[in-house]
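Colleague: Could you pick one spot in this model and take me through it closely? I'd like to know what sits around it and what the space beside it is like.

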Amino acid sequence: MLATGCATRPDPADEAAVQAYQEANDPLEPMNRYFFEVNQFLDEILLKPFAGWYHLALPDPAEDGVRNFVRNLKTPVILANDLFQGEWSRAGTTVARFFINTTVGVGGLVDVASMMDMNYHDEDFGQTLAVYGAGEGPYLHLPILGSGNPRDYSGRLVDYALDPLTWVGYAYNVSEINTARTGLETLDTRARNLEAIDELKKGSVDFYATVRSLYRQQRNDLIRNGESEQQASQEMITDEMIPEDGDAPVDFKAAQPDDQVTVAE
């Protein structure tokens, strides 16, 4: 499947085609497109109808409660990755959010912490690997799992192992608890994006390429913690990059990597 699913490399003499091929970073594009169509079919016949019923059945405050509850359950994984990345301030916010929302917020149903300017942020081990310099690898779109890459898929496995609910499920023979949470989170996310995804499909010449681009944008934004690429690059300036007297100044803008297009549905 991998062999037959490889995209044909462009003629090396065609520089524009080679550059586009490298920017897409999608050597398995034929296979990815096939699985993308499979997922689109499953979305149309299963996920989208259920998400529509879910959206009609629950008023907005109830939907917000579901999202807040699911986010609160993810706190241990987010905290672990905050600490792995040395983000002590964000780790403190994560801990404070958990205790405030679990107590005052009625088990996490109400996001009281955000009302106190302690906003939610997401972290996962895929982001942690990126912070430590691990490359993303080629773009992948797999059945059910959707958009990703080797780094992010590996990170999901680590997050699964870090999650206390995983071990609680195995200890009490209720491993379905994690599956139920993931399903609820997927359903809620899809319900919140019913109109947005439909509009995106209508406005996209190539919906697959659009999703691939958006996935990368979202992941890069999460890795940079919402900072612009220029802000993130400034934090990486070292003493060696500061010119000595008489030397020409370093062109930081030219030294920055090209903009990458990146989120997933």
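Modeller: Let's start from Asn 68, which is found in helix 3; helices here are DSSP runs of H or I with at least four residues, strands are E runs of at least two, and both are numbered from the N terminus. Before going on, keep in mind that this is a predicted model, where local features need pLDDT of at least 70 and side-chain atom pairs count only at pLDDT 80 or more, while totals for chains, interfaces and linings use all residues. Residues are numbered from 1 along each chain as its sequence is written, and side-chain values use heavy atoms, with hydrogens and water left out.

Is Asn 68 buried or exposed? It counts as buried because its relative accessible area is 11%, and buried means under 20% (exposed is over 50%, partly exposed in between, with a 1.4 Å probe and protein chains only). Leaving aside residues up to four places away in sequence, Asn 68 touches Gly 108, Leu 109, Val 110 and Asp 111, where a contact means heavy atoms within 4.5 Å. Along the sequence, Asn 68 and Gly 108 are 40 residues apart, yet their C-alphas sit 5.8 Å from each other.

That brings us to the space alongside. Asn 68 is among the residues lining the second largest cavity, together with Arg 71, Asn 72, Arg 97, Asn 101, Gly 108, Val 110 and Asp 111. A cavity is a set of points on a 1 Å grid over the protein atoms alone where a 1.4 Å probe fits but cannot get out, and lining residues have an atom within 4 Å of a point. This one holds about 40 Å³, a volume being the space filled by probe spheres set on the points, which are joined across faces, edges and corners. Helix 3 gives the largest share of this lining, three residues, and helix 5 also supplies at least two. By type, the lining has one nonpolar, four polar and three charged residues; here Ala, Val, Leu, Ile, Met, Phe, Trp, Tyr, Cys and Pro count as nonpolar, Asp, Glu, Lys and Arg as charged, and the others, Gly among them, as polar.

Now for the other cavity you'd want to know about. The largest cavity has about 90 Å³ of space. Arg 71, Asn 72, Arg 97 and Asn 101 turn up in both linings. The largest cavity is also lined by Thr 75, Ile 78, Thr 94, Phe 98, Tyr 120 and His 121. Helix 3 (60-73), helix 4 and helix 5 (88-103) each give two or more residues to that lining. Helix 5 makes the largest contribution there, with four residues. Sorted by type, the lining of the largest cavity comes out as three nonpolar, five polar and two charged residues.

Asp 117 counts as exposed because its relative accessible area is 68%. Its phi is near 65°, a positive value in a residue other than glycine. For background, most residues other than glycine have a negative phi.

Note on methods
1 Å grid on protein atoms, 1.4 Å probe; cavity = no way out; pocket = protein on both sides within 12 Å on 5 of 7 lines; lining within 4 Å.
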